[in-house]
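User: I have a structure open and want to learn how to read it. Where do we start?

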Amino acid sequence: EDRSDVSIGVSLLAPNVRYPDHHHSAEEVYLVLSPGKFRHGSSAWFEPGPGGTFHNESNVVHAMASSDAPLLALWFLLHES
């Protein structure tokens with residue numbers, strides 16, 4: 001489906017990888033599919049667990065990291081229409 005209001009993607013991190021801090025203007029929602037750690041804003045690292053979800057506000061700095069197992073997550077960027 002061709003849409004301008006949402007982008008959908010998949011992140012797969014190899015074991016023991018830390019994805020760097022980054023930010024973007026689009027809000028973002030994650031659906032976590034495996035164990036892994038996430039951080040946003042000034043929060044401590046947290047582990048939503050498989051099936052967990054969370055939201056990143058626009059321009060908040062955030063990152064993710066895998067442990068001894070790969071990290072798999074779906075993400076949804078919510079663009080202004």
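Analyst: Start with strands. Helices (H or I, at least four residues) and strands (E, at least two) are DSSP runs, numbered from the N terminus. Two strands pair if DSSP finds at least two bridges between them. Now some background. This is a predicted model: local features need pLDDT of at least 70, side-chain atom pairs count only at pLDDT 80 or more, and totals for chains, interfaces and linings use all residues. Residues are numbered from 1 along each chain as its sequence is written, and side-chain values use heavy atoms, leaving out hydrogens and water.

User: How many bridges does β3 form with β7, and in which sense do they pair?

Analyst: Strand β3 and strand β7 (residues 71-78) are joined by 6 bridges, in the antiparallel sense. Look at V29: its bridge partner in β7 is F76. β3 also runs antiparallel to strand β5 (residues 53-56), with 4 bridges. There, Y30 stands opposite F54.

User: Which residues of β3 lie on its covered face?

Analyst: E28, Y30 and V32 do. The uncovered face holds E27, V29 and L31.

User: What is the strand order in the open sheet of 3 strands?

Analyst: The order is β2-β6-β4, with antiparallel pairing. β2 (18-22) and β4 (37-40) are the edge strands, and each pairs on one side only. Between β2 and β6 (residues 62-65) there are 3 bridges.

User: How do I read a pair of aromatic rings?

Analyst: Use the distance of the centres and the angle of the planes. Rings of Phe, Tyr and Trp (its six-membered ring) pair if their centres lie within 6.5 Å; planes under 30 degrees apart count as stacked, over 60 as edge-to-face and the rest as tilted. By this rule there are 5 aromatic pairs here. Take F38 and F46: the ring centres are 6.4 Å apart and the planes stand at 35 degrees, so this pair is tilted. Ring pairs also link Y30, F38, F46 and F54 into a cluster.

User: Is F38 buried or exposed?

Analyst: First the cut-offs: buried means under 20% relative accessible area, exposed over 50%, and partly exposed in between (1.4 Å probe, protein chains only). F38 has a relative accessible area of 1%, so F38 is buried. F46 is at 23%, so F46 counts as partly exposed.

User: Which charged residue sits over the ring of W45?

Analyst: The charged end of R39 does, 5.5 Å from the ring centre. The rule: NZ of Lys or CZ of Arg must be within 6 Å of the ring centre and within 35 degrees of the ring normal.
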